[in-house]
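Please keep the sequence and the 3D view at hand while reading.

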Amino acid sequence: MANIQQISITHLSFTYQHDTNTVLHDINVSAPLNSIIGIIGNHNAGKTTLCRVLAGIIPNMMGGDLLGDVHIGNLSPTKDWSVLNRQTDFVLQDPNSQLSGLADTVADEIAFDLLNHGVDETTIQRRVADVAAQMQLTAQLQQSPSSLSGGQLQRLAIATAIVTKPGILILDDPTSEMDPQGRADFFNWLATIKDTTIFIVSNEIDDLCEIADRLWVLVDGELVRKGTSLEVINQLNPEWQIGTPKVYQLAKLMYWSLGADLFPVNINQLRGCVHDQHSN
Ligand SMILES: Nc1ncnc2c1ncn2[C@@H]1O[C@H](COP(=O)(O)OP(=O)(O)OP(=O)(O)O)[C@@H](O)[C@H]1O
């Protein structure tokens with residue numbers, strides 16, 4: 001029986017149709033619902049593929065040989081896709097591929113799913129204004145989506161995903177086109193989201209260590225590390241060539257340890273550590 005408070009993945013393996021390479025190898029992991037899970041790893045490690053499985057796109061829209069079991073709460077992306085799909089939004093790596101292409105304005109694009117859900121006009125206007133403010137797109141609401149910059153398009157893709165208030169949000173490299181300030185604003189916003197299970201693939205390891213409750217590390221399709229960012233970053237194998245946060249690099253250099261050879265990975269941990277050094 002599935003644990004309704006847990007995300008659980010057991011013995012998950014996957015090979016794309018008409019392919020012989022197994023992309024995901026026997027993945028086993030669990031995490032509490034409503035947490036932020038950062039998915040990191042090397043190039044072609046299977047991060048996007050794992051997101052597709054979590055969203056139910058595999059096997060419902062993309063075929064292949066899927067083994068094992070995935071549950072998000074009591075729902076299985078394979079067996080309960082129609083229910084899960086209504087609660088899930090997926091922000092793709094390429095924002096253009098997820099916009100409707102039918103809307104004349106940014107406001108219409110954000111409103112698109114709400115209109116499809118039959119939401120009333122007043123609620124739509126309020127939700128569009130709220131979400132545009134959250135994604136800093138208020139000034140662009142009457143512009144055509146085609147006039148937006150890459151970073152603005154990514155924020156629009158996120159706006160279209162969150163406007164329906166999904167309980168599960170899957171973000172595949174959502175800040176790749178954003179400038180440093182846009183990226184910082186996005187991660188600050190993400191940290192404020194409540195009651196939502198968030199999976200985020202990102203190379204922004206500094207930001208992930210500030211906000212993620214869990215990190216999952218994929219290397220060549222295998223889940224090689226899982227745990228808090230503190231545990232995971234302190235146990236990375238250099239051969240995996242996965243970047244570490246600047247805070248961790250500095251702390252290691254200065255030997256600002258949290259004890260037991262654990263070095264801080266985010267600002268709060270670093271502050272605690274430096275404070276302890278001064279008070280000793
Ligand atoms: N639709 C597909 N059909 C067949 N093979 C695919 C498909 N999508 C991805 N793959 C293959 O699966 C492997 C993992 O790809 P995936 O995109 O999941 O990795 P990733 O970790 O997200 O990569 P990146 O860091 O480059 O974004 C790669 O070898 C890729 O070529």
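## Basis of the description

Helices (H or I, at least four residues) and strands (E, at least two) are DSSP runs, numbered from the N terminus. Residues are numbered from 1 along each chain as its sequence is written. The model is predicted: local features need pLDDT of at least 70 and side-chain atom pairs count only at pLDDT 80 or more, while totals for chains, interfaces and linings use all residues.

## The ligand shell and helix α1

Around the ligand stand Y16, D19, V23, G41, H43, N44, A45, G46, K47, T48, T49 and M62. A residue is near a molecule or strand if its C-beta atom, placed from the backbone, lies within 6 Å of it. Helix α1 (residues 47-55) supplies the largest share of this shell, three residues. Sorted by class, the shell holds four nonpolar, six polar and two charged residues. Here Ala, Val, Leu, Ile, Met, Phe, Trp, Tyr, Cys and Pro count as nonpolar, Asp, Glu, Lys and Arg as charged, and the others, Gly among them, as polar.

Helix α1 is mostly covered, with eight of its nine residues buried. A residue is buried if 20 or more other C-beta atoms lie within 10 Å of its own, exposed if 12 or fewer, and partly exposed in between, with C-beta atoms placed from the backbone. The buried residues of α1 are K47, T49, L50, C51, R52, V53, L54 and A55. After α1 comes G56, which has a positive phi, near 80 degrees.

## Strands and their pairing

Strand β5 (residues 88-91) is covered on both faces: T88 and F90 are buried on one side, and D89 and V91 are buried on the other. In a regular strand the side chains alternate between the two faces of the sheet. Four bridges link β5 to strand β6 (residues 168-172), and the two run parallel. Two strands pair if DSSP finds at least two bridges between them. Within β6, I168 is the bridge partner of T88.

Strands β8 (residues 214-219) and β9 (residues 222-227) run antiparallel and are joined by five bridges. V217 stands opposite R225 in β9. The two strands form a hairpin with two residues between them, and D220 in the turn has a positive phi of about 45 degrees.

V29 belongs to strand β2 (residues 22-32). V29 counts as partly exposed because it has 16 C-beta neighbours inside 10 Å. Leaving aside neighbours within four places in sequence, V29 is in contact with I9, W216, L223 and K226. Two residues are in contact if their C-beta atoms, placed from the backbone, lie within 7 Å.

## Domains

The chain is divided into domain 1 (6-102 + 165-233) and domain 2 (245-280); these bounds come from an automatic or database domain assignment. Taken over C-alpha atoms, the centres of domain 1 and domain 2 are separated by 29 Å. Seven residues from domain 1 and eight residues from domain 2 take part in the contact. On the side of domain 1 that touches domain 2, α8 (205-211) and α9 (229-233) are the elements that give two or more residues. The largest share of that side, four residues, comes from α8. By class, that side of domain 1 has four nonpolar, one polar and two charged residues.

An unreviewed UniProt entry lists residues 7-245 as "domain: ABC transporter". UniProt positions are given in the numbering used here, feature names are shortened, and annotations may be inferred rather than shown by experiment. Over residues 7-245 the chain is 35% helix and 26% strand, and the end C-alpha atoms are 26 Å apart.

## Backbone features

Most residues other than glycine have a negative phi, and most peptide bonds are trans. A cis peptide bond joins I58 and P59, with omega about 10 degrees, and P59 is placed in helix α2 (residues 57-60).

D195, although not a glycine, has a positive phi of about 55 degrees. D195 is found in the loop between α7 (180-192) and β7 (197-201), and counts as exposed because it has 8 C-beta neighbours inside 10 Å. Y255 is not a glycine either, and has a positive phi of about 55 degrees. Y255 lies in the loop between α10 (246-254) and α11 (267-279), and is exposed, with 9 other C-beta atoms within 10 Å.
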